Amino acid sequence: MKKLVILTLAGAALGATTLATFAQDEAPFQNQIEARQSFMHIYRFNLGQLGAMAKGEAPYDAAEASAAATNLLAASKMNNRAMWPAGSDMSADGLEGVTWAKPELWSNMSEVGEKSRELTAALVAMAAVAGDGLGAVQSNMGAVADGCKGCHEPFRASKD
Amino acid sequence: MKRTLIVVFGFAIAGTGIFYVLSMPDPLTADQLPAVSADLANGELMFWAGGCRSCHAAPGAEDNELTLSGGMELPTPFGTFRSPNISPDPDAGIGRWSTLEFINAMVRGLSPQLEHYYPAFPYPHYQNMTFGDLIDLKGYLDTLPGSSNRVAEHALAFPYSLRRGIGLWKWRYLSRNAVVQTSAPSAEVERGRYLVNGAGHCGACHTPRDEYGGDMPDRFLSGAEAIEIAEGPDGQSVGRIPNITPHPDGIGAWSEKDIEYSLESGFDPDFDSFGGTMVEVQENMARLPAADRAAIAAYLKSIPALPSDSP
């Protein structure tokens, strides 16, 4: 049984690697760029749950708010370093209009780390109180936005 | 031969004369201003609507955003502009300026010595502000901390380095600068129009410019290449400034509430955060009264819907 599990895992890993290689053949860093954009989508989706309530477009629901905030916190703790390989910025051949990550991101990695810790801190605060009422969600949205903007201001180019 | 020389010489004199007249500064005079004292609270509102600190606070001085010591560099195809010190320091800043001198800078693009300012300073937009609001803004700026920081001159390529030539630019562009009128506007839309086209100077980034840097009025707010270019050998663009007209290419899918909330919170309707230079603009707008953000939203929904690449 144990052997079967190992074999299956090994097969899956091999398959994933092969897929990743194929994916890379289509466009440079396509796999990593898709992964990080999907990762950002997870943020947007969960922020949308909280935001619809904060904006008054959806009724406040303590359980849903709490779940969304907990997801956001979990996402912010996920190690996504491998999604940002060197050279996968907007100035690379074939990546204009595919990614908006500026080359400066890679030369300021310590700042990126610091900003990412600030986002996590804002989400710790949000997750702690998101179930306590609409006012708590609303008053924590600003700090979460600041967390997002911490990297989007210096390291993401404007896009249409 | 002699006659040819006379004709050529005559044209040269006439050309110089026309250049001289057309590029002449045209300042306001003191009797054109109302005799009112400054309302500092309204001046502060204008300060945030205009986002003065985004260019004039020292670069990276987030804790010091009210010290307008200047020095931000704006690399453009014409050369590098440097934002001046507009703190009330009497020597390095504008502390000695009269209200009339301040208003001539804001609406006529003229220094106290009546030299032309480059339109990197968005006076083509500020000229739409009322004298009352400008008097209030001057009063508010006078209350901010002084800074003795000296800013270096702009570093521009010839012929852009000749200031007098800006007089011609003004003659061509200043009067036609886009202020899109909507039919039968409500008081709210009017207020939004005033904020967007005056202090807010949204078009300075969102309206495309022609080869001489003048706004293209028939492409009002339909998105543009960023005028700022990234520093570095390849001079790569820092991106495209979005279309903010009610077209599907722009923000046609956004409700008024979405626009208002985005300016307040920094989140677009998809809950992506604003990025790049819009972050500071949004944070300035977040300081306005909610009714002013709503007015901006109402106006932006009322302007012509333009595709991003209309000719």
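A residue is called buried if 20 or more other C-beta atoms, placed from the backbone, lie within 10 Å of its own, exposed if 12 or fewer do, and partly exposed in between. The structure is a predicted model, in which local features need pLDDT of at least 70 and side-chain atom pairs count only at pLDDT 80 or more, while totals for chains, interfaces and linings use all residues. Residues are numbered from 1 along each chain as its sequence is written, and chains are lettered from A and ligands numbered from 1 in the order in which they are written. Helices (H or I, at least four residues) and strands (E, at least two) are DSSP runs, numbered from the N terminus.

**A covered helix in chain B**

- Seven of the ten residues of helix H4 (residues 99-108) of chain B are buried, which leaves H4(B) mostly covered.
- These buried residues are Phe102(B), Ile103(B), Asn104(B), Ala105(B), Met106(B), Val107(B) and Arg108(B).
- Helix H5 (123-126) and helix H6 (131-141) of chain B are among the elements that cover them.

- Three strands of chain B make up an open sheet in the order S1-S2-S3, with antiparallel pairing; two strands pair if DSSP finds at least two bridges between them.
- S1 and S3 of chain B are at the edges and have a single partner strand each, so one side of each lacks a neighbour in the sheet.
- Strand S1 (residues 73-76) and strand S2 (residues 79-82) of chain B are joined by four bridges in the antiparallel sense, and they form a hairpin with two residues between them.
- Across this pair, Glu73(B) stands opposite Arg82(B), and Pro75(B) stands opposite Thr80(B).
- S2(B) also pairs with strand S3 (residues 155-156) of chain B, in the antiparallel sense over two bridges; here Gly79(B) has Leu156(B) as its bridge partner.

**Two packed helices in chain A**

- The axes of helix H2 (residues 30-55) of chain A and H3(A) come within 9 Å and cross at roughly 150°; axes are lines fitted to C-alpha atoms, for helices over the stretch in contact, and angles run from 0 to 180 degrees between N-to-C directions.
- This crossing makes H2(A) roughly antiparallel to H3(A), since angles over 145 degrees count as roughly antiparallel, those under 35 as roughly parallel, 65 to 115 as roughly perpendicular and the rest as oblique.
- Residues in the contact include Ile42(A), Leu50(A) and Met53(A) of H2(A) and Ala65(A), Leu72(A) and Ala75(A) of H3(A); two residues are in contact if their C-beta atoms, placed from the backbone, lie within 7 Å.

**An exposed glycine in chain A**

- Gly97(A) lies in the loop between helix H3 (62-77) and helix H4 (104-107) of chain A.
- Gly97(A) counts as exposed because it has 10 C-beta neighbours inside 10 Å.
- Although 14 residues separate Gly97(A) from Glu111(A) in sequence, their C-alpha atoms are 25 Å apart in space.

**Where the chains meet**

- In the interface, 24 residues of chain B are in contact with 19 residues of chain A.
- Strand S5 (240-241), helix H10 (256-265) and helix H11 (278-285) of chain B each contribute at least two residues to the side of chain B that touches chain A.
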